[in-house]
Structure formats: C-alpha cells, structure tokens
Amino acid sequence: MLATKKARGANRAEFAKLLKTKRNELLTQIEGLRQGVQVERVTEDEVGQASWAQMEHLTFVTLEQGQKTLKEVEAALTRMARGTYGVCESCELPIPEARLRALPWARYCVKCTERLRRN
Ligand SMILES: [Zn+2]
C-alpha cells in the first residue's frame, strides 16, 4: 500500500506546478464566466429568448465543468500535500507518469477508470 514512499520527488514538483497553473486558469475562467453572465443579463432584451436560453445553458455547462475540474485539481493538490499523489485510489498502484502528464489530477489509473466507467 505504501508504494507512495518511492514517489518521484523531482516530478512531483513539476506536477505541483502544473496543477497550480491549471487551478489559476480555472479560477480565471470561472470568474470570467460569472461576470459574463451578469453582463449578458443586462442586454437580455436585445437577445432573443431562445438564443439567450441557449447561451445561458452553455455558460452554465462550461461553468459547471470548470468547477468540477477545479475540485479535482484541488483534491490532487491535497493528495500531494499528504504524499498520496500519483497513486490510484482504487488499486493503490502508482499511476503511470504518461497518464499524469495527460491528466495531472487523475485519481485512478487507466484500468480502474475503465472499470469504474463500466459499473
Ligand atoms: Zn487502479
């Protein structure tokens, strides 16, 4: 279970940086979307009801996705502080670095992700 101990020290600093950059990006994006919603509300009259609803829906979907990712990023930073970063939460094996590069806030290895998706 404590495969964590041999966690790659140098790379962890790199992933910490990636995660923090991503968190800042998401915070900026979320803030921008929130302000966008407020600004657009003012000009509501000029926008047809249908397209307004569509735009609002799209904004909220993006906002929701951004907030979800932000949560994952913050959870990954917490795992990093605890020293469990890069370990699959399901099978407790180290998550391959290639996967972490593609998705730095991954909780599970590819196998477990697929298994959980099927369930
Ligand atoms: Zn796994």
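The following legends accompany close-up views of a predicted model of one protein chain.

**View 1. Overall helical architecture of the protein chain.** The chain contains four helices and zero strands, giving the pattern α-α-α-α when read along the sequence. Of its 119 residues, 14% count as buried.

**View 2. Confidence along the predicted chain.** The mean pLDDT of the protein chain is 86, and 80% of the residues score at least 70. Of the elements, helix H4 (residues 110–118) has the highest mean pLDDT, 95, whereas helix H1 (residues 9–42) has the lowest, 85. The pLDDT is below 50 over residues 1–5. Beyond near neighbours in sequence, that stretch makes eight contacts in the model.

**View 3. The largest nonpolar core.** This core comprises 15 residues. Those with the most contacts inside the core are Leu19, Val73, Ala76, Cys88, Ile95, Trp105 and Ala106. Helices H1 and H2 (49–82) are the elements that give two or more residues to the core. In soluble globular proteins, nonpolar side chains tend to be buried together.

**View 4. Surroundings of isoleucine 95.** Ile95 is one of the core residues with the most contacts inside the core. Leaving aside residues up to four places away in sequence, Ile95 touches Gly86, Val87 and Cys88, as well as Leu100, Ala106 and Cys109.

View 5. Glu92 lies in the loop between H2 and helix H3 (97–102). Most residues other than glycine have a negative phi. Glu92 is partly exposed, because 14 other C-beta atoms lie within 10 Å, a count in between the limits of 12 or fewer for exposed and 20 or more for buried.

Note on methods: Residues are numbered from 1 along each chain as its sequence is written. pLDDT is the predictor's confidence in each residue, from 0 to 100. Two residues are in contact if their C-beta atoms, placed from the backbone, lie within 7 Å. A nonpolar core is a set of buried Ala, Val, Leu, Ile, Met, Phe, Trp, Tyr and Cys residues joined through C-beta atoms within 7 Å.
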